[in-house]
Amino acid sequence: QATTGVGPLEARLRSARDAGRKLLVPYVTGGYPGWERAVEACAAAGADAIEVGIPFSDPVMDGPTIQEASERALAEGATPQGIVGALRDLDTGGVPTVVMTYYNTVHRYGHERFARSLVEAGVAGAIVPDLPLEEVAPWADAADAAGVETILLAAPTGSDERLARICARSRGWVYGIGLLGVTGERASLARSALDIARRLKGITDKPVLVGIGVSDPAQAAEVAAVADGVIVGSALVRRLLDGGGADAAGTFVAELRAGLDGA
């Protein structure tokens, strides 16, 4: 795959968007008890891709809900190798998976080895939120060479010039940060979510998805009226923490899907 070429994940999302579909990417904490079935349930309920978190002991971007799930996963013995290995065996019906992890994990694996392990597990992309644009090249170049699409985050504080560079380097989609601060559920949608969606849509033709602070079908529809779709993490993980398991995850994704389809 050429460095500037459109990879399979981005091509799939572009095609769905261009056909009029709003994109939905739920997040599941890898290693949390029952996470594999939860991922499969999300896929069956209408997700366009699924983000799987690889737990890390010092997650700078994650709020209390995802931290709690990550701590539980680590206590259960979750490892990056175990989660990536398990992804190989999941039945997602062709819905692509993307891993979200922190750079310490990537660095310890080694760039080429981590990228290769993702490809071998059938993982389409990676999000490394603590790796800024200025430092992403060594990993992202290795990922490009292996065929892993590195999705970059775009913050509302970024200048237009910086956002343009982020969009140019991002693969798969551009991840608009809807709210400054850590992940978590919010009672109402932050204005910044709509602002970043508008700004990114004005800069790039790549799929623009907004995450952080999108908590229910109404908020998802509100963001997706401007963006190409949404990423929903904490609200889904809370349903796992509450003991609902894969059924609760699937039901919630179906509700989000219905909200987006009605938008």
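Leucine 90 is in contact with Trp35, Glu36, Arg37, Val39 and Glu40, leaving aside its neighbours within four places in sequence. The model is predicted. Leucine 90 sits in the loop between helix 4 and strand 3 (97-100). Its relative accessibility is 14%, so leucine 90 counts as buried. One of its contacts, Val39, is 51 residues away in sequence, yet the C-alpha atoms of leucine 90 and valine 39 are 8.0 Å apart.

Threonine 79 counts as partly exposed because its relative accessibility is 37%. A polar atom of its side chain lies 2.9 Å from the backbone nitrogen of glycine 82. From threonine 79 to leucine 118 the C-alpha distance is 14 Å, at a sequence separation of 39 residues.

Serine 70 belongs to helix 3. With 4% relative accessibility, serine 70 counts as buried. Beyond neighbours within four places in sequence, serine 70 is in contact with Thr29 and Pro55.

Nine strands are arranged in the order 5-4-3-2-1-9-8-7-6, and the pairing is parallel. Strand 5 (149-150) and strand 6 (153-154) stand at the edges; each has a single partner strand, so one side of each lacks a neighbour in the sheet. Strands of a sheet pair through backbone hydrogen bonds, either parallel or antiparallel.

Strand 3 pairs with strand 2 (residues 50-53) in the parallel sense, over four bridges. Within this pairing, valine 52 has valine 99 of strand 3 as its bridge partner. Strand 3 also runs parallel to strand 4, joined by three bridges. Here valine 98 is partnered by glycine 125 of strand 4.

Strand 4 (residues 125-127) pairs in turn with strand 5, in the parallel sense and over two bridges. Alanine 126 has threonine 150 of strand 5 as its bridge partner.

Helix 10 lies across strand 8 and strand 9, and runs at about 140 degrees to strand 9. At the start of helix 10, a side-chain oxygen of aspartate 216 comes to within 3.1 Å of the backbone nitrogen of alanine 218. In helix 10 (residues 217-224), the buried residues are Gln219, Ala220, Ala221, Val223 and Ala224. These residues pack against helix 9 (191-203), strand 8 (208-211), strand 9 (229-232) and helix 12 (245-261).

Helix 12 also packs against helix 11 (residues 234-241). Two packed helices are described by the angle between their axes and the distance between the axes. For helix 11 and helix 12, the angle is about 150 degrees and the axes are 8 Å apart. Angles over 145 degrees count as roughly antiparallel, and helix 11 and helix 12 are therefore roughly antiparallel to each other. Their crossing is right-handed. Helix 11 contributes Ala235, Leu236, Arg239 and Leu240 to the contact, and helix 12 contributes Gly245, Ala248, Ala249, Phe252 and Val253.

Conventions
Residues are numbered from 1 along each chain as its sequence is written. This is a predicted model: local features need pLDDT of at least 70, side-chain atom pairs count only at pLDDT 80 or more; totals for chains, interfaces and linings use all residues. Side-chain values use heavy atoms; hydrogens and water are left out. Buried means under 20% relative accessible area, exposed over 50%, partly exposed in between (1.4 Å probe, protein chains only). A polar contact is a pair of N or O atoms within 3.5 Å; within protein, one must be able to donate a hydrogen and the other to accept it, and residues adjacent in sequence count only if both atoms are side-chain atoms. Contact means heavy atoms within 4.5 Å. Two strands pair if DSSP finds at least two bridges between them. Axes are lines fitted to C-alpha atoms, for helices over the stretch in contact, and angles run from 0 to 180 degrees between N-to-C directions. Angles under 35 degrees count as roughly parallel, over 145 as roughly antiparallel, 65 to 115 as roughly perpendicular and the rest as oblique. A crossing is left-handed if the near helix is turned anticlockwise from the far one by less than a right angle, and right-handed if clockwise.
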